[in-house]
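Please work through the following exercises with the model open beside you.

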Amino acid sequence: MKRVWQECIECRSVYDADAVRYRCDCGGLLEVSIDIESLGDISWERFRSRRFNVWRYIELLPFEDHEHAVSLEEGGTPLYKADRLAEWLGAKNVYIKYEGMNPTGSFKDRGMCVGITKALKLGARGVACASTGNTAASLAAYSAKAGIPCIVVVPKEVVALGKLFQALLYGAKVVRLHGTFDEALSLVWKASEEVGVYLLNSINPWRLEGQKTVAFETVDQLGRVPRYVVLPVGNCGNIAAAWKGFKEMEMAGLINEKPSMVGIQSEGASPFVDLVKEGLETLRPVETPKTVASAIRIGRPVNWKKALLAVKESGGLVAKVSDAEIIQAQRMLASLEGIGVEPAAAASVAGVKKLIESGDIDADETIVCVCTGSMLKDPNPELIKGLEPTEIVPELGLVRDLLASLLSR
Ligand SMILES: Cc1ncc(COP(=O)(O)O)c(C=O)c1O
Ligand SMILES: [Zn+2]
């Protein structure tokens with residue numbers, strides 16, 4: 001039997017794996033712990049004899065088996081070597097872990113399959129989340145698959161059209177709150193505890209258990225540990241999840257070194273980067289976060305303490321990037337590599353550019369950018385300004401001239 005429990009990251013109080021709670025009595029964040037010593041035989045060979053998805057690493061997940069898992073075959077996303085992009089960045093070895101290839105087009109699916117599976121095990125009769133869009137789309141899909149009712153609450157103004165469309169079509173009850181994401185989360189959290197609906201934001205530690213598999217896959221695909229793993233940061237869950245994955249691989253004897261974790265935020269929503277850079281004792285929230293990267297338009301990230309540990313323990317770094325830099329990185333990644341990502345996902349690439357230019361990242365080392373969501377999520381006209389199609393009337397001469405211009409470049 002695998003030993004699994006929940007533990008406070010601050011006072012180390014322990015709670016039963018089936019206790020439904022999102023914080024310790026001391027107020028600290030909870031994490032799911034697995035007794036790695038109790039796992040028996042794990043090896044890359046064993047993992048690689050299985051299908052390439054989140055469940056390949058079942059020994060390191062907090063369930064005995066995945067017989068009753070709610071799965072849409074999440075994970076198993078491509079790791080692209082991006083040589084043309086690397087040249088633009090001035091780096092040697094750049095890889096893109098393209099999370100847009102998940103079933104609903106973002107990394108959230110890794111966590112949601114575990115989260116919904118846990119919800120069913122606990123006998124939950126309804127699930128909910130607040131979301132900047134991707135969590136809503138993912139939760140809506142997995143609750144559809146599981147046949148469990150779901151409410152998603154999104155901020156009214158700033159959710160990408162594709163994400164809203166997904167949540168509606170997957171059959172969730174979609175609520176637009178006249179307020180920010182941070183307000184939405186705080187309200188849904190309180191209400192879910194009052195009425196006993198299961199909350200599936202990343203404050204729920206079971207979500208992060210699924211999300212940690214991005215670390216397993218990266219090493220599995222690369223065959224070694226990269227020097228840097230770069231992620232966009234919003235509510236601060238994913239960078240903490242990935243770091244947990246690396247730590248557990250080391251504990252299990254699967255790797256013997258770990259990467260530096262690099263967190264990137266947008267200038268208009270950078271409370272975590274400011275916290276790290278200014279060495280603040282506690283988070284200074286941003287009341288009205290603003291950025292074109294709506295997925296990370298978050299001013300009060302709930303998991304900041306976990307993310308801070310990830311950056312500190314890994315000897316990592318942080319950076320903030322402007323909207324213009326994000327849009328430029330999105331265009332370069334798409335036009336040089338054929339990898340289409342949403343703005344938040346492009347923030348990781350924009351961050352690498354910045355950190356190479358400042359000399360904070362060693363350009364000779366291996367860099368993995370986790371690109372968290374697909375371009376199709378966010379067909380925002382602002383993102384294609386200056387790239388608009390050429391308009392012509394139906395005349396052969398015009399088409400001929402256009403085609404000929406390809407050859408004269
Ligand atoms: C595409 C995308 N990238 C990055 C993030 C940030 O992840 P986290 O909130 O876990 O920091 C989100 C979260 O909403 C997202 O949707
Ligand atoms: Zn505690």
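**Exercise 1. Identify which residues are the closest to ligand 1 in this predicted model, and describe the shell around the ligand.**

Step 1. The shell consists of 18 residues, and the closest to ligand 1 are Gly234, Asn235, Gly237, Ala295 and Gly373.
Step 2. When the shell is sorted by structural element, helix 9 (237-251) and helix 13 (343-357) are the elements that give two or more residues to it.
Step 3. When the shell is sorted by residue class, it divides into 7 nonpolar, 10 polar and 1 charged.
Step 4. The UniProt record, an unreviewed entry, lists under "binding site" Asn134, Gly234, Asn235, Cys236, Gly237, Asn238 and Thr372.

**Exercise 2. Decide whether asparagine 134 is buried or exposed, and find its surroundings.**

Step 1. Asparagine 134 belongs to helix 4, which covers residues 134-146.
Step 2. A residue is buried if 20 or more other C-beta atoms lie within 10 Å of its own; asparagine 134 counts as buried because it has 34 C-beta neighbours inside 10 Å.
Step 3. Once neighbours within four places in sequence are left aside, asparagine 134 is in contact with Ser106, Lys108, Lys163, Ala295 and Gly373.

**Exercise 3. Carry out the corresponding analysis for asparagine 235: where is it found, and is it buried or exposed?**

Step 1. Asparagine 235 lies in the loop between strand 10 (228-232) and helix 9.
Step 2. With 26 other C-beta atoms within 10 Å, asparagine 235 is buried.
Step 3. Not counting residues up to four places away in sequence, asparagine 235 touches Ser202, Ile298, Pro301, Val302 and Asn303.

**Exercise 4. Describe the largest nonpolar core and the contacts of one of its members, valine 152.**

Step 1. In soluble globular proteins, nonpolar side chains tend to be buried together.
Step 2. The largest nonpolar core here has 121 residues, of which Leu139, Val152 and Val230 touch the most other members, while helix 13 gives the most to this core, with 8 residues.
Step 3. Beyond four places in sequence, the contacts of valine 152 include Cys129, Ala136, Leu139, Ala140 and Val174.

Terms used:
Residues numbered from 1 in each chain as written. Chains lettered and ligands numbered in written order. Predicted model: local features only at pLDDT ≥ 70, side-chain atom pairs only at ≥ 80, totals over all residues. Near = placed C-beta within 6 Å. Helix = DSSP H or I, 4+ residues; strand = E, 2+ residues; numbered from the N terminus. Nonpolar A, V, L, I, M, F, W, Y, C, P; charged D, E, K, R; others polar. UniProt positions renumbered as here; feature names shortened; annotations may be inferred. Buried ≥ 20, exposed ≤ 12 C-beta atoms within 10 Å, placed from the backbone. Contact = placed C-beta atoms within 7 Å. Core = buried A, V, L, I, M, F, W, Y, C linked by C-beta atoms within 7 Å.
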